[in-house]
Amino acid sequence: MLRELEQLFGFLSKSKKLPSIQDHIRFQYLLVAQFNLHQRFLSLIDREIDNASKGLPSGITVKLNNLEEQTLISKLYEASQAGVMVRLIVRGICCLIPGIPGISDGINVTRIVDRYLEHGRVFIFENAGDPEFFMGSADWMNRNIYSRIEVCFPILDQELKNTLQELINLQFEDNAQESNYLFLRTKNNLSL
């Protein structure tokens, strides 16, 4: 993985735009926008769809700031229709509509809003009971996927995976901020 990171930094230090050299850099571990990130996420979702069709454990959990890239949204709809449970934590823009019968009824979107900006991006794919975890800088937005160099990396250490899963589960359970915000707004007549 470090060798791939070294190649990426070498590319960034020599280039202002994507030349044909991208054909010579192959990323096995890293997911890099404008190289393999978009296609790799699509194939990871496809694998979950395939696992669901075989009756194997499947699921997708994603935490990011913004979700607008239509191909990935369409693929998440496809996963939902195939029986894959999709859980999303999206802080800002979310162009996916959850809960549409027959289209996205297997998709749950949670919003965490607070005074502190939520920057964590976590991607978890159930992988037939052997979950794969990724973290990185890439939101699923057109600018992040098509116009920038963004990087996601796999989490390989089991203890780190367990910790990440615990943190994500806590965030899905969190409902205190919303009620505290409503209480404060009512009590003090605050507005944003």
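Modeller: Happy to. Let's start with A128, which has a relative accessible area of 37% and is therefore partly exposed; buried means under 20% relative accessible area, exposed over 50%, and partly exposed in between, with a 1.4 Å probe and protein chains only. Before going further, please note that this is a predicted model, where local features need pLDDT of at least 70 and side-chain atom pairs count only at pLDDT 80 or more, while totals for chains, interfaces and linings use all residues. Residues are numbered from 1 along each chain as its sequence is written, and side-chain values use heavy atoms, with hydrogens and water left out.

A128 sits in the loop between β5 and β6 (132–136); helices (H or I, at least four residues) and strands (E, at least two) are DSSP runs numbered from the N terminus. Most residues other than glycine have a negative phi. Q34 also has a positive phi without being a glycine, at about 75°. Q34 belongs to the loop between β1 (31–32) and α2, and with 25% relative accessibility it counts as partly exposed.

The link is a salt bridge whose closest N and O atoms are 2.6 Å apart, a salt bridge being a side-chain nitrogen of Lys or Arg within 4 Å of a carboxyl oxygen of Asp or Glu. Both partners are partly exposed, R47 at 23% and E132 at 21%. The whole structure holds eight salt bridges. Among them is K54 with D50, at 3.0 Å from N to O; K54 is exposed at 56%, and D50 is partly exposed at 34%. D46, K75 and E78 are joined in a network of such bridges.

Leaving aside neighbours within four places in sequence, F41 is in contact (heavy atoms within 4.5 Å) with L31, L72, F123, F125, W140 and C152. In soluble globular proteins, nonpolar side chains tend to be buried together.

L164 and F172 take us to helix α5, where K161, L164, I168, Q171 and F172 are buried. Those residues lie on the same side of α5, because they cover an arc of only 100° around the axis, the arc being that of the directions from the helix axis to the C-beta atoms. E159, E166, L170 and E173 are exposed on the other side. The cover over the buried residues of α5 includes β5 and β6, as well as β2, β3, β4 (107–110) and β7 (151–155). The N-terminal end of α5 is capped by D157, with a side-chain oxygen 3.1 Å from the backbone nitrogen of E159.

One last stop is N144 in helix α4 (residues 142–147), which is buried at 3% relative accessibility. Not counting residues up to four places away in sequence, N144 touches A33, S137, D139 and E150. The side chains of N144 and E150 are joined by a polar contact of 2.9 Å; a polar contact is a pair of N or O atoms within 3.5 Å, where within protein one must be able to donate a hydrogen and the other to accept it, and residues adjacent in sequence count only if both atoms are side-chain atoms.
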